[in-house]
Amino acid sequence: MLALLNDSAASALEWSRLQFALTACYHWLFVPLTLGLAVVMGLMETAWYRTNDAFWKHAAQFWQKIFGINFAIGVATGIILEFEFGTNWSNYSWFVGDIFGAPLAIEGIVAFFMEATFIAVMFFGWNKVSRGTHLASTWLTGLGATLSAWWILVANSWMQHPVGTTFNPETVRNEMTDFFAVAFAPEAVTKFCHTVTSGWMTGGVFAVGVGCWFLLRGRNRRLALASVKVGSIVGIVAALLVMATGDKSGIDIARTQPMKLAAAEGLERGGQQAPFSIIPGIEVPGVLSILATHDLNGYVPGSQDIIDGYTDNRGVSHLPVAEMMERGRKARVALGNYHLAVKAGDEKAKSEAAAVLETEREYLGYGYLNSPEDLVPPTGLVYWSFRAMVGCGSLLLLVLALVAWFGRKGTLENKRWLLQAGLWSIPLVYIAGQAGWIVAEVGRQPWAIQDLLPVTAATSTLSAGAVQTTFFLFLILFTVMLVAEVRIMLRAIRQQPDFTH
């Protein structure tokens, strides 16, 4: 950051990347809590519907208030994030807009419309619609948020592993050929399940933390214990699902994004029985091969192996990066010749250029790289982010299990150290979530779209000064919004009346 500020020649690309990272990180502070609290408040209202105990109605209303505060801010940051694709990344939008725009359009038309419809009934329909109708609106609001996440994650997953498309040299655009391949790719399903369950975990941990805060202050005892009970169950189930989907995600990454896996492990040279690095200097032999291939003897390439060329675990040979770059440059030249031939009306030259382009087009993106080393992402950041994600997630599962155990025994209120741990789990779960997205997004650099379009070729024609200006405007705006949300939430929690007596 300081280097960018002090470098007058800092490019619009660097500032655009920084601005997008800023927006995405702020947005991801709100999304997982929305997904998680939708489950928490849904379960509490379900308890009211089944028992007719007014306590559960009040508990659901309390958590719906917190949900609403968070939801409103999340929508604002999400809208800005989508606009940045057009303002800062217009080449990207042109190159794959037919594909990337489809899931975003569906998200806006279907999922967001569904959320907007049922959230109104959820907040304003108390005592105006039947209990069953209101309960349905609460769960449908959560379902709408989840469907919204589905289409966003489909778009993101496609960027990580593009499928169901073909390149049209006439328009210089990638065009969708199979909508269902894009929408229901196995990698997209895994990413969706992993991301949504991490959101459920965030909501569960948040409910536990607030419940622990009430107990530490001797307030709202029944609400606190109910929040801890529901939150810990949601959190534990979600944490186990996060682990299961994370395992499947690791297999996908090893197959489709081996450089990301190498960066996450700081692995320069791999091989069979590849070791898992706990921290630098401490490794467990063979574990990485098991995690990446489910085979102790599975081959896992390191970053230098990928640069030099390697044969993967399925026996598929991968060219050296230098050779792919050379073939990519041939594809770029052929694409230029193709358009010159079209302009000149030279059918023979057009046919010759099209033949070369057809042979080399899968390497077109590599033709924009300056050196093979460009393919290596910031290894230190990815490596430590992965450990922060796994370490925080493991610690959170332990805290949730202890809270659930002592809560069941009825001795949780006497464990002030555990109540403090439950409260401090709230920032911990956000660290885990942010670290996970750093691994996902920084780990695939330098690609805007894996193997198709590097970020250097995806930007708009903007001056660095223009992007700097909007960066600092967004930084101020998002910070103000975050501070406002936290203050409003804290006020709502602190002023919550004790309705249990």
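This is a predicted model: local features need pLDDT of at least 70, side-chain atom pairs count only at pLDDT 80 or more; totals for chains, interfaces and linings use all residues.
Local features need pLDDT of at least 70, and side-chain atom pairs count only at 80 or more, while totals for chains, interfaces and linings use all residues. Residues are numbered from 1 along each chain as its sequence is written, and side-chain values use heavy atoms, without hydrogens and water.

**Stop 1: the largest pocket**

Select Phe-20, Ala-24, Cys-25, His-27 and Leu-81. Of the 50 lining residues, these lie nearest the centre of the largest pocket. A pocket here is an open set of points on a 1 Å grid over the protein atoms alone, where a 1.4 Å probe fits, with protein on both sides within 12 Å along at least five of seven lines; lining residues have an atom within 4 Å of a point. The volume is about 1,500 Å³, taken as the space filled by probe spheres set on the points, which are joined across faces, edges and corners.

Next, colour H2 (12–51), H3 (54–87), H4 (90–124), H5 (131–160) and H15 (416–442). Each of these helices gives two or more residues to the lining. Helices are DSSP runs (H or I, at least four residues), numbered from the N terminus. H2 gives the most, with 12 residues.

Colour by class: 33 nonpolar, 10 polar and 7 charged. Ala, Val, Leu, Ile, Met, Phe, Trp, Tyr, Cys and Pro count as nonpolar, Asp, Glu, Lys and Arg as charged, and the others, Gly among them, as polar.

**Stop 2: the second largest pocket**

Move to His-194, Val-242, Gly-246, Phe-386 and Met-389, nearest the centre among 46 lining residues. This pocket's volume is about 1,300 Å³. Show H8 (221–256), one of the contributing helices. H8 gives the most to this lining, with 10 residues. The classes are 23 nonpolar, 17 polar and 6 charged.
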